[in-house]
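Student: Could you take me through some of the strands and loops here, one question at a time?
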Amino acid sequence: MSTNTYVPRASELTHDWYVLDAAGKPLGRLATQAATLLRGKHKPNFTPFLKTGDFVIVVNAGKVVLTGKKETDKVYYRHSGYPGGLRKETARQVRERHPERLVQRAVAGMLPKNKLGRQLRTRLKVYAGSEHPHQAQQPKPWQV
């Protein structure tokens with residue numbers, strides 16, 4: 001007995017826009033919600049290998065909360081590719097320079113590490129303040 005697995009066509013997929021307000025929310029919980037929306041796991045036609053998800057706008061990324069001593073103890077590493085090119089910053093230093101990178105990095109860590117994940121990351125729009133230039137897309141608020 002063989003049954004065919006349902007795979008949605010590109011014409012059947014809809015991509016909505018959602019706004020998440022990060023003010024006062026823990027970083028991990030916010031990132032989990034954003035990753036779920038980006039992947040499309042909240043939809044009944046979720047397919048792991050397709051872009052079934054939605055676009056996500058995160059506002060007030062500078063006001064996201066890190067619990068415990070993560071503000072001073074959490075370290076972000078990056079490497080230039082040259083000998084001795086390892087750079088490290090604490091979460092506080094990252095927040096001062098580029099507050100949106102805290103959210104971008106947390107969400108990216110929850111997405112697949114392949115071509116699909118890189119494509120989904122382009123659907124995440126993060127802004128340090130409360131304003132965003134995506135009003136034309138008529139985004140809906142999403143409660144975290």
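Tutor: The questions and answers below concern a predicted model.

Student: Is strand β1 largely enclosed by the rest of the structure, or is it largely open?
Tutor: Strand β1 covers residues 17–21, and four of these five residues are buried.

Student: Which residue in β2 stands opposite aspartate 21?
Tutor: We begin with the pairing, in which β1 and β2 run parallel and are joined by five bridges. The two strands also belong, together with helix α1 (residues 27–39), to a right-handed β-α-β unit. Within β2, the residue that stands opposite aspartate 21 is valine 59.

Student: Which residue in β6 stands opposite tyrosine 18?
Tutor: Strand β1 also pairs with β6, again in the parallel sense, and this pairing has two bridges. Opposite tyrosine 18, the residue that stands in β6 is lysine 140.

Student: Does asparagine 60 count as buried or exposed?
Tutor: Asparagine 60 lies in the loop between β2 (55–59) and α2 (70–73), and its phi is near 60°, a positive value in a residue other than glycine. Its relative accessibility is 9%, and because the cut-off for buried is under 20%, asparagine 60 counts as buried.

Student: Does glutamine 138 count as buried or exposed?
Tutor: Glutamine 138 is found in the loop between β5 (124–126) and β6 (140–141), and it has a positive phi of about 50° although it is not a glycine. Its relative accessibility is 64%, and because exposed means over 50%, glutamine 138 counts as exposed.

Key: Residues numbered from 1 in each chain as written. Predicted model: local features only at pLDDT ≥ 70, side-chain atom pairs only at ≥ 80, totals over all residues. Heavy atoms only, no water. Helix = DSSP H or I, 4+ residues; strand = E, 2+ residues; numbered from the N terminus. Buried < 20%, exposed > 50% of the residue type's maximum accessible area, 1.4 Å probe, protein only. Pairing = 2+ DSSP bridges. Right-handed = clockwise from strand over helix to strand, strands pointing away.
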